[in-house]
Amino acid sequence: MEALERERRLRADDGRARCRTWREKDRHDRRDVSESTAHRDQHGRDKGGRGRLIGRTKGGMNTKLHAICDSQGRPIDLFVTAGQVSDYTGARALLGSLPKVEWLLGDRGYDADWFREALQDKGIHACIPGRKQRKTPVRYDKRRYKRRNRIEIMCGRLKDRRRVATRYDRCPKVFLSAIALAATVIYWL
């Protein structure tokens, strides 16, 4: 008994009655979860993977698509995140692949001081309206911002493809590949 307690495979009973969660039960079970095959509780995640990238949104379980488009609304770079993930994550991921442009049009979700400063360092003017919770309002070109509908049209045209709209693919790499293939066929061929 003492040898098992030293190896932390058996805990000493402290006399308190308590309910253990399923993760706690697995931790003290005979099998080592990290070395065995995939289990139900890993939700399709490989070691170090990002999972299925399906997250809860207002409309249910969904995935977000972040895209960089040219002036005609053709996608240049794409990035997929889970539905509940903030737009800042997509902005940070796509920041390095921004082309040399004069203006960047973005949704309110991309309104962050660090993002505006990063764009300014690259010599890009940000046309992003401020969030409603901002204490000091941010000025932006409203006439230029109306051109952002081209990005919404691009997303709508991608969702005309049933495979993209309903997300048949469980793996995020395969799903992003389906989106890229649909974008290539629609806009670049």
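Modeller: Let's start where helix 4 ends: after it comes Gly 123, and its phi is positive, near 80°. Keep in mind that this is a predicted model, where local features need pLDDT of at least 70, side-chain atom pairs count only at pLDDT 80 or more, and totals for chains, interfaces and linings use all residues. Residues are numbered from 1 along each chain as its sequence is written, and side-chain values use heavy atoms, with hydrogens and water left out.

Biologist: Which residues of helix 4 are called buried, and why?

Modeller: Phe 115, Arg 116, Ala 118 and Leu 119, within the helix spanning 113-121. They are called buried because the relative accessible area of a buried residue is under 20%, while exposed means over 50% and partly exposed lies in between (1.4 Å probe, protein chains only).

Biologist: Why do you put those four on the same side of helix 4?

Modeller: They cover an arc of only 160° around the axis, so they sit on the same side of helix 4. The arc is taken over the directions from the helix axis to the C-beta atoms. On the face turned away from the buried side you find the exposed residues Gln 120 and Asp 121.

Biologist: What covers the buried residues of helix 4?

Modeller: The cover includes helix 3 (87-95), strand 4 (103-105) and strand 5 (125-127).

Biologist: What makes a group of residues a nonpolar core?

Modeller: They must be buried Ala, Val, Leu, Ile, Met, Phe, Trp, Tyr or Cys residues, joined through side-chain atoms within 4.5 Å. The largest such set has 14 residues, and the ones with the most contacts inside it are Leu 95, Leu 98, Leu 104, Phe 115, Leu 119 and Ile 128. Helix 3 and helix 4 are the elements giving two or more residues to this core. Apart from it there is another core, of 13 residues, including Met 154, Val 164, Ala 182 and Tyr 187. In soluble globular proteins, nonpolar side chains tend to be buried together.

Biologist: Which residues does Leu 98 touch, and what makes that a contact?

Modeller: Skipping residues up to four places away in sequence, Leu 98 touches Ile 68, Leu 104, Leu 119 and Ile 124. Each counts as a contact because heavy atoms come within 4.5 Å.

Biologist: Why is the pair of Asp 87 and Lys 64 called a salt bridge?

Modeller: A salt bridge takes a side-chain nitrogen of Lys or Arg within 4 Å of a carboxyl oxygen of Asp or Glu. Here N to O is 3.1 Å, so the pair qualifies. Asp 87 in helix 3 and Lys 64 in strand 2 (residues 60-69) are 23 residues apart, so this pair links distant parts of the chain. At 14% relative accessible area Asp 87 is buried, whereas Lys 64, at 26%, is partly exposed. The structure holds nine salt bridges.

Biologist: What makes the pair of Asp 169 and Arg 163 qualify?

Modeller: The closest N and O atoms are 2.6 Å apart. The side chains also make a polar contact of 2.6 Å, a term for N or O atoms within 3.5 Å where, within protein, one must be able to donate a hydrogen and the other to accept it, and residues adjacent in sequence count only if both atoms are side-chain atoms. Asp 169 lies in the loop between helix 7 (162-166) and helix 8 (172-188). Its relative accessible area of 8% makes Asp 169 buried, while Arg 163, at 43%, counts as partly exposed.
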